[in-house]
Amino acid sequence: MNWEPVIGIEVHVELLTDSKMFCGCAVRFGAEPNTNVCPTCLGLPGALPVTNRAAIESIMAIGLALNCEVSERSVFHRKNYFYADLPKNYQISQFDIPVCTGGHLDIEVAGVTRRVGIERAHMEEDTGKSTHVGAGGRIHAAESTLLDFNRSGVPLVEIVSRPEIRSAEEARAYAQELRSVVVELGVSDARLEEGSMRFDANISIRPRGSSELGTKVEVKNMNSFRSLERAVEHEIARQVELVESGGAVVQETRHWDEEAGVTHSMRIKEGSSDYRYFVEPDLVPMVLNREWVQQIRETLPELPAQRRERYRDDGLAEALAGVLSAADRALRHIYEDAVAGGADPKAAANWVTGEVIGWSRREDVDSSELQLDGVALAELVGMVGEGRISSSAAKDVLDGVLRGEGSPGQVAAARDLIQISDRTSLGALVAEVLEANPKAVEGYRGGDEKVVGFLVGQLMKATQGKADPRVVDELLREQLLA
Amino acid sequence: GATPTRLYTPRAMPVEIDIAHVARLARLDLSEEELEGYKNQLGLILEHAARVQSLDVEPHVENAHPLGLFNTFREDIVLPSLDRDEVMASAPETADGYFVVPPAMEGE
Amino acid sequence: MSPMPGVAEAGRRLRDGETTAVRLLEGALERAASSEAQVHAFLTIDRERAFETAARADADLADGIDRGPLHGIPVALKDNMCTRGVETTAASQILAGYRPPYDATVVSRLGEGGAVVVGKTNLDEFAMGSSTENSAYGPTYNPWDTTRVAGGSSGGSAAAVAIGSAIAALGSDTGGSIRQPASLCGVVGMKPTYGTVSRYGLIAFASSLDQIGPLTRTVEDSALTLEAIWGYDPFDGTSYSGDYPDPKAGLERGVDGLRVGVVKELSGDGYEPAVEAATGEMVASLESVGVEVVEVSLPSFEMALSAYYLIAPAECSANLARFDGIRYGHRGQGVTTEALMARSRAEGFGPEVTRRILLGTYALSAGYYDAFYGQAQRVRAAIQDDFAQAYQQVDVLISPTSPTVAFEAGARTADPLAMYLSDICTIPSNLAGHPAISLPVGLDSQGLPIGFQLMAPPLGEEVMYQVAAEVERLAGFDLAPALPEVAS
Ligand SMILES: [Mg+2]
Ligand SMILES: [Zn+2]
C-alpha cells in the first residue's frame, strides 16, 4: 500500500528582548546558574507578572510576516501542570485567543514552491533548564536533577503549522524558512544549538488519497535541521513498517535519539494532558488595535521569499537567487549597488557569492568589513566584459581592491594586469615575431596549423602574457595569409 | 475561555468525582481515608455550588477587571536580579548555584 | 493602661511632642504582652527591628522630616504579606521559617510613610477561612470573649487593633477576610476597589478577588491608612493608573440628600435578630439625618456564595501549585520529583487548603469546566450587572457585615458550608471588585460587637467614607474590649 505522511510542526522561538516576558530580569544565554532571577520568574510567593510590550510587538511582527490575522483582543491563560523546571507549576500561555491565527509560509523543495498553513502563533513564557545528572545525563538513568531558572520567563513564541507537510524534506525546509524569517525580522537569533529555536513534529500516516488523519505521534528533541529531517524520516518509516506488519500506531510522545538515530517512547502519565486552562487573573486583556498593527506592519523588513523573487526578476537563476538571498546583508548590498551601477546582475551575483565570499572566508574578514562596494564591483565586472583584464587577472584585481589598494582600475594598473588589445601596437609586435620565425611561417604556409599556437606563445612571451589572446590570433592569421 | 458568550443551559450536573485523579492532578499524596473524606466534603460543597447552573439570564458585563483595564504593559527594561545566596538560603537542597531535586518523571 | 489613641490623634500628639514613636510602640507591645497568651493575634513580633524603625521615625520628626499620617504609628501586618528577611508563613506549615528576599509593595509604602511595623499577624492558612482557626500555628481568639473566634481570615489583624497592640493593621480581603473579622472584633475594616492597592508581595489566594485594606479603630484612621498604601504600582499588572478619589474629602460633609439602598437578599433566614435589629436601627438613624433609604433587590446575590466557592478555589488551586518543596518551603521525601512534590504538599497544607485545592482542581478539570467554573464566571458578571443597576438608584448599599456575631471557637470547624456562610454578605463586593467597609454599630446582649456594611461602586471610596463617617457618629461606638489580666 502507498502511504502518505501527514506532518505538522510546532516551533518554539525565544525572543531577543532585553528583559524577560513578565519581569525585568535580563535575557542572557550562558550566565551563571540562577543569577538572572527575581521573585516573579522564580515563582516566589506573592510575585506578579507584568507583560513586556516589546515581546508583544515581536509576536505581532512574526504573525504579520507569516500572513496571520492579529487578534484585536487577546488574553493570557494559565496552563496548569507540575514540572520541576516550571516554577509556578503553571505556564502563562495562550489558549483560545492567541495573538496570531491563520497564516501561511511558502517553502521551496527541489525548485517547487509549496504553501504550508500556519494554525496559530501564541505568546508564552519559557521554563527553566533541568540538567539530569547521573549515568550519561540520560533522562531514564538520571540520579538527580539540577535546576537553573535563568531561562525561566524568557519570552517564547509558539508557531503551530497545519498538518500540511508531506515529507521529511519539506519539514526541514519549513523549519529553515521559518528560521530565516524570524532572523530577518530581528526578533530572535533562533540558535538551534542554544535552544533559542526548538521544534516538535506531529507525524501520522494514511493511505494516499484518504482524507482522514491517522493516529499522530509527537516527536521531540531534534536539535538541528538535519536531525529534524532524520527524525521525521525515521518516524514515517517506523509507522509504515508497524502498520504494514499488522500493528497499530499508538498516540504518544517519542524522544529522538540522535546517536542511535531512532525514536523511543516517553512513558506519559495518564491525565497529564488535563491542563485546566483558565484566564490568567494576574493580567488584563490585550487590545491590539488596528493602528498598532499597522505601525508594526510598516516596520517589517523585506522577507527572504520576497527577496528571492526580486533577484529572480533581476534575471538570476533560481539557485543563484537563493544563495544570494541567504547571504549576509553587507554582501547583498554590494550586489544591489553594483547592479544599480549598471553591472550585469548574473556576473555581479557570481562574483559576490563566489570570489568575494571565498576571499572573506580565506582572510577571515567579516562581510560587513569588506573594502569593496557596489561601484567597485560594477567597475570590475565592466573591465572583464570589455576584455580590459582577463578573468584570471580579475581575481588578482579583486584581491587588490579587497586589500584596500584602490579601485579596480588603479589595482589593474598598479599590478600591471591591463590587457594589450589595441590592434596597431599588437600588429607591429606580430610582424616582429613573424620576421623572427621564418621557419614557422614556412610551415604554416605549407599547411602546418600547429605553428599558430607556437607563434601565439612567442608573442605572449614578448608581452609577458598581457596581449589579448583573441586579437593576437586574428592578427597572426591575417598577416600569415598576407 | 472563562466567559462563554453562549448562554449555558442549566442542567443538573451529576457530581461524580474521581478524587484520586483530582488529587493526582493537584500533586497531593493523600491516603485512601483522606481521599474518601475529601470526596464526601467536595460532594456536599459542589451540590451547593451547582446552584450557579440555575442562572438563566445573559449578563451584559464581560467579566474582566472591574475598572476595565487593558494593555497594562511594562517597557523592555532590565532590572536588577536577586542575590543568588539570598535566594538559595530558603532552598531545601542546592549544589553550586543550582536547586537540586530527585530525577524527574517524564511527560507533561 | 490608657486607651490607645487612633492614627489621627497619635499623629497629633507626636507632632506636638506629647509622645514619641518609641513610646507608642512600647504601649502597643505592652498590650500585646498582656493579651497574646489568650488572644494570639501575632505570629511574629520583631521588637528589635520595630524599635529601630520607631527611633528613626522620632529622629526624622526631630529633623523636620515628616513622612505623613502613618509616621511613627505602630502598624501590624497580616502574615501573608512578604517582608524581606522577616519570617512570612501565611500561617502555613509549608512556609515555616520562610524569609522572603523582597518586600511587598504595601510594606515598602508603609516604610516610606514612616510607619512602625509591630509584627506579623495570624490568619487562616493562606487566608482561607472565616475564623482564623485554620492557622497552622493555632487560632486567634476574640478579645471581647476569648472563648469565641476573632473571625477571619484577617483575625490577627482585627484582634490586634481591637486590643491596641497596633493602632492600624493591614489585612487582605478575598471574600470578606477584612470586613468579617473587623465586624466580629468591633473595629473598622475596609476593602478598597480592586486594583487600587498593589497585590505585589501579597501571597495570593484568589488573584481576581484578593485586595489588601486597612483595619483601624475609626473611619478617619481607615481613610488615612488607605491613602498611605494605595496608588498605582507598575509591578502589579492589575494596578489602576488613573485618578484616585479622596477618601477624606467627605468625612465631615454629612449625608443630607444621599440615597442608600438596603439589600433585600442580605437579610432573613440565618441572620441573628440582634444583627438585623442593629441594622434596622442604623437605617432609621440615617433616615433621621436626611438620607433617603430604599430597599433594593439584587437577585444574583443568591448565587454569589456558590460562584465564590468555585472561582476562589479554582484560582487558589493554581496559585498554590508553586508550593512544591523545590525552591523554598517544606520538603517531604520522594524518590522522584513528582513523589517529592506530592509528599511536600500533602504534609505542608492543612485540611481546608487541601479541600479548596481539590475543589478548584476539580472545577477546572476537563468535562466540568463549563458547568462549574465557566458558569460561576457568568454569575459573577450577573452580579456586576445587578450592582450597576442598583447604583443607578442609590449612592451606596448597606447590609450587615456578617449574619452573626462572633461564634464559639470550634462551632463551625466540622462543617465547611456553615463556615462559608459567614461570608454571605461580604462576597458580592469581592466578585464585583467594588469597595466596601464594615464598622461597629453596637454590642449584642452578650456584649459582642455587631458590624454594619457599606458597599459603594468602583472608585466610590469618597462617598463610601462620607456615609461611613456619619454611621460612626450616629452609632457613637467607642468601646474597646477590656484587656485580659496579664498572665503571671
Ligand atoms: Mg508551548
Ligand atoms: Zn525575573
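Reader: What does the secondary structure of chain B come to?
Author: In this predicted model, chain B has three helices and three strands. Helices are DSSP runs of H or I with at least four residues, strands are runs of E with at least two, and both are numbered from the N terminus.

Reader: And how do the elements of chain B run from the N terminus on?
Author: The order is α-α-β-α-β-β.

Reader: Before I go on, what are the ground rules here?
Author: Residues are numbered from 1 along each chain as its sequence is written, while chains are lettered from A and ligands numbered from 1 in the order in which they are written. The model is predicted, so to speak of local features takes a pLDDT of at least 70 and side-chain atom pairs count only at pLDDT 80 or more, whereas totals for chains, interfaces and linings use all residues, and side-chain values use heavy atoms, with hydrogens and water left out.

Reader: OK. How much of chain B is buried?
Author: 41% of its 108 residues count as buried. Buried is under 20% relative accessible area, exposed is over 50%, and partly exposed is in between, with a 1.4 Å probe and protein chains only.

Reader: What about contacts inside chain B?
Author: Taking contacts between residues at least 6 apart in sequence, 52% join residues at least 24 apart. A contact is heavy atoms within 4.5 Å.

Reader: Switching to the complex: what scores does the predictor give?
Author: An ipTM of 0.95 and a pTM of 0.90. Chain C averages a pLDDT of 96, and 99% of its residues score at least 70; pLDDT is the predictor's confidence in each residue, from 0 to 100.

Reader: How many residues are in the contact of chain C with chain B?
Author: 70 residues from chain C and 63 residues from chain B. The buried area there is about 5,700 Å², and carbon and sulfur atoms give 66% of that. On the chain C side, Glu338(C), Leu358(C) and Arg378(C) lose the most area to chain B, together 13% of what that side buries.

Reader: Why quote an area at all?
Author: Because the size of an interface is often given as the accessible area lost when the parts come together. Buried area here is the accessible area (1.4 Å probe) that two parts lose on being put together, summed over both.

Reader: How many salt bridges are there between chain C and chain B?
Author: Five, where a salt bridge is a side-chain nitrogen of Lys or Arg within 4 Å of a carboxyl oxygen of Asp or Glu. One joins Asp29(B) to Arg343(C), at 2.6 Å from N to O.

Reader: And what do chain C and chain A bury between them?
Author: About 2,600 Å², with 61% from carbon and sulfur atoms. In that contact, 39 residues of chain C meet 31 residues of chain A. The rule finds one salt bridge across the interface. Asp282(A) and Arg199(C) form a salt bridge, with their closest N and O atoms 3.1 Å apart.

Reader: Now Val197(C): where is it found?
Author: In the loop between β7 (188-191) and β8 (211-216) of chain C. Val197(C) counts as buried because its relative accessible area is 0%. Leaving aside neighbours within four places in sequence, its contacts include Val106(C), Leu226(C), Ile229(C) and Trp230(C).

Reader: Asp60(C), then: buried or exposed?
Author: Buried, at a relative accessible area of 10%. Asp60(C) sits in helix α3 (residues 47-62) of chain C. Not counting residues up to four places away in sequence, Asp60(C) touches Ile65(C), Arg67(C) and His71(C).
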